[in-house]
Structures are given as C-alpha cells and as structure tokens.
Amino acid sequence: MELLVSAINLDEAKAAWEGGADILDVKNPKEGSLGANFPWIIREISDYADNKIIVSTTIGDVPYKPGTVSLAALGAAYSGSNYIKVGLYGPENYDEAMDVMSNVVKTIKEYDDTITVVACGYADAYKIGSIEYDMIPKVAHDSGCDLAMLDTYIKDGHRLTDHLSQDQLAQFTKAAHDYNLKVALAGSVNANDIEMLKEIDCDIMGVRGCVCTGGDRNKGTISADLVAQLKENI
C-alpha cells in the first residue's frame with residue numbers, strides 16, 4: 001500500500017518526501033476537502049520532485065460544470081501534475097458525474113496520456129447531496145479514469161470509517177479492482193486504520209491531518225518524523 005501525503009506548499013512537500021511518502025499530493029485545505037492550490041505552487045513542487053516521485057494535484061470539490069472542470073484539470077496537468085484528482089461534489093448522479101469525468105479524461109489524455117485521472121467521491125455524500133459513494137467505481141471505469149477514490153467532504157472530526165463500514169469499503173475496493181482500477185482511501189485515516197486498509201486491499205492511503213503537527217490539517221504543518229512513523233507502520 002502506497003502513502004499519499006497532502007502538502008500545501010514546497011516546504012511541506014519536502015518534509016513529506018523526507019519522511020518517505022510515495023506520492024506528493026498538492027492541495028489547499030482553505031478551499032475545501034479537495035481544495036485546489038495555485039499553479040505556481042504545483043510547479044514548484046513538480047520541479048522539486050523532478051520526476052523522481054509522483055506529484056498528485058486536487059483541482060477542487062468541483063461543481064457540475066464540465067467545461068470549467070476540464071480547464072482546471074488541464075491547468076493542473078500543465079503545471080506538472082502526474083495525477084489529477086477531481087472531487088465530484090456538484091454532480092448529483094451517474095449522468096452528471098459521467099459528463100464531468102468523461103470530459104476531464106478527454107482533456108487530460110489528449111494532453112498527456114500518461115497522466116493518471118482520479119474520480120473522487122465522498123463517504124458522506126448522503127449529507128451533501130453528491131453522487132452516491134458506491135457509484136464512483138462505475139463512473140471512473142465508464143469515463144476512462146485510472147483510479148477511484150473516497151474522501152470525506154465535511155471536516156468536522158468524523159472520519160471515513162464513521163460514515164462507511166469496513167464491509168462497505170471492501171465492496172467499494174472490490175468493485176474498483178474488478179474494473180481494473182486502483183483505489184485510494186482518505187478522510188482522517190491514520191495509523192489505526194492501516195490493518196483494515198490492507199485487509200480490504202486498498203492501494204493508496206491518503207493522509208494529511210495525522211502527519212501534521214498537533215494533528216491539525218489546517219493549523220499544523222507536515223512533520224517528516226510523523227510521515228516516517230506512519231510509513232514504517234505501513
């Protein structure tokens with residue numbers, strides 16, 4: 001299982017890599033669960049990574065506006081991202097999610113077909129009116145994505161496992177794997193979740209808060225030591 005660590009700037013990305021992260025994720029928590037960061041920050045981190053480690057970028061908790069989202073995805077790709085993560089916040093059903101993701105995939109694959117496109121849903125979708133979490137693997141497959149992901153939208157202390165049981169997460173993972181997709185799971189997961197994530201065959205564990213000082217995704221900063229401890233546990 002690979003470790004994805006979400007950084008907000010170059011210093012945090014350096015700490016994540018020093019600690020042993022497998023994927024440097026670039027996000028901006030001030031703009032939401034999968035808040036988008038600025039192109040120049042993505043470029044700084046991409047230049048630093050120098051193709052020696054994967055750089056992943058969130059492009060936002062996106063609205064149901066396929067053209068807008070496709071342009072954002074292209075901007076992230078142009079800025080140096082290897083993975084493009086789309087938070088399907090606005091789409092409320094399969095058809096709307098397909099409209100967004102199929103256009104993102106077309107945009108990105110025409111630009112560079114080696115870039116990984118990630119369709120991300122929310123474990124707490126039932127609270128926010130977004131597409132149901134268990135539709136994400138089908139949307140990812142049918143639109144041509146490479147990876148299906150789950151996170152939590154509302155950051156109020158509730159975790160991935162507060163919204164979905166291990167059996168539900170296992171079913172999500174199996175559905176994605178049956179479609180030949182990789183799976184990433186996030187949402188305030190921590191060292192205590194490693195055994196469960198491995199048991200259900202999760203490919204990528206996504207974290208921020210648990211490797212930040214004070215365990216605070218917003219006020220804390222990434223600690224190389226905390227990343228290293230988590231990586232060692234994995």
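**Exercise 1.** Which residues does S56 touch, not counting residues up to four places away in sequence?

*Solution.* The model is predicted: local features need pLDDT of at least 70, side-chain atom pairs count only at pLDDT 80 or more, and totals for chains, interfaces and linings use all residues. Residues are numbered from 1 along each chain as its sequence is written, and side-chain values use heavy atoms, with hydrogens and water left out.

Step 1. Locate the residue: S56 lies in strand 3, residues 54-61. Strands (E, at least two residues) and helices (H or I, at least four) are DSSP runs numbered from the N terminus.

Step 2. Apply the contact criterion, heavy atoms within 4.5 Å. With residues up to four places away excluded, the partners of S56 are L4, I23, L24, D25, V26, Y83 and K85.

Step 3. Assign the burial class. Buried means under 20% relative accessible area, exposed over 50%, and partly exposed in between (1.4 Å probe, protein chains only). S56 has a relative accessible area of 0% and is therefore buried.

**Exercise 2.** Identify the residues that touch the most other members of the largest nonpolar core.

*Solution.* Step 1. Define the set: a nonpolar core comprises buried Ala, Val, Leu, Ile, Met, Phe, Trp, Tyr and Cys residues joined through side-chain atoms within 4.5 Å.

Step 2. The largest such core has 66 residues, of which V5, V86, L88, M101, V104, L185 and I222 touch the most other members. Helix 4 (residues 94-111) supplies the largest share of this core, 7 residues.

Step 3. Examine V104: leaving aside neighbours within four places in sequence, V104 contacts V69, S70, A73, V86 and V117. A second, separate core of 13 residues includes Y83, C120, A184 and I204.

**Exercise 3.** Characterise the packing of helix 4 against helix 6 (residues 136-143).

*Solution.* Step 1. Axes are lines fitted to C-alpha atoms, for helices over the stretch in contact, and angles run from 0 to 180 degrees between N-to-C directions. The two axes come within 9 Å and cross at roughly 40°.

Step 2. Angles under 35 degrees count as roughly parallel, over 145 as roughly antiparallel, 65 to 115 as roughly perpendicular, and the rest as oblique. Helix 4 and helix 6 are therefore oblique to each other.

Step 3. List the contact: Y94, A97, M98, M101, S102 and V105 of helix 4 meet K138, V139, D142 and S143 of helix 6. By class, this contact has 6 nonpolar, 2 polar and 2 charged residues. Here Ala, Val, Leu, Ile, Met, Phe, Trp, Tyr, Cys and Pro count as nonpolar, Asp, Glu, Lys and Arg as charged, and the others, Gly among them, as polar.
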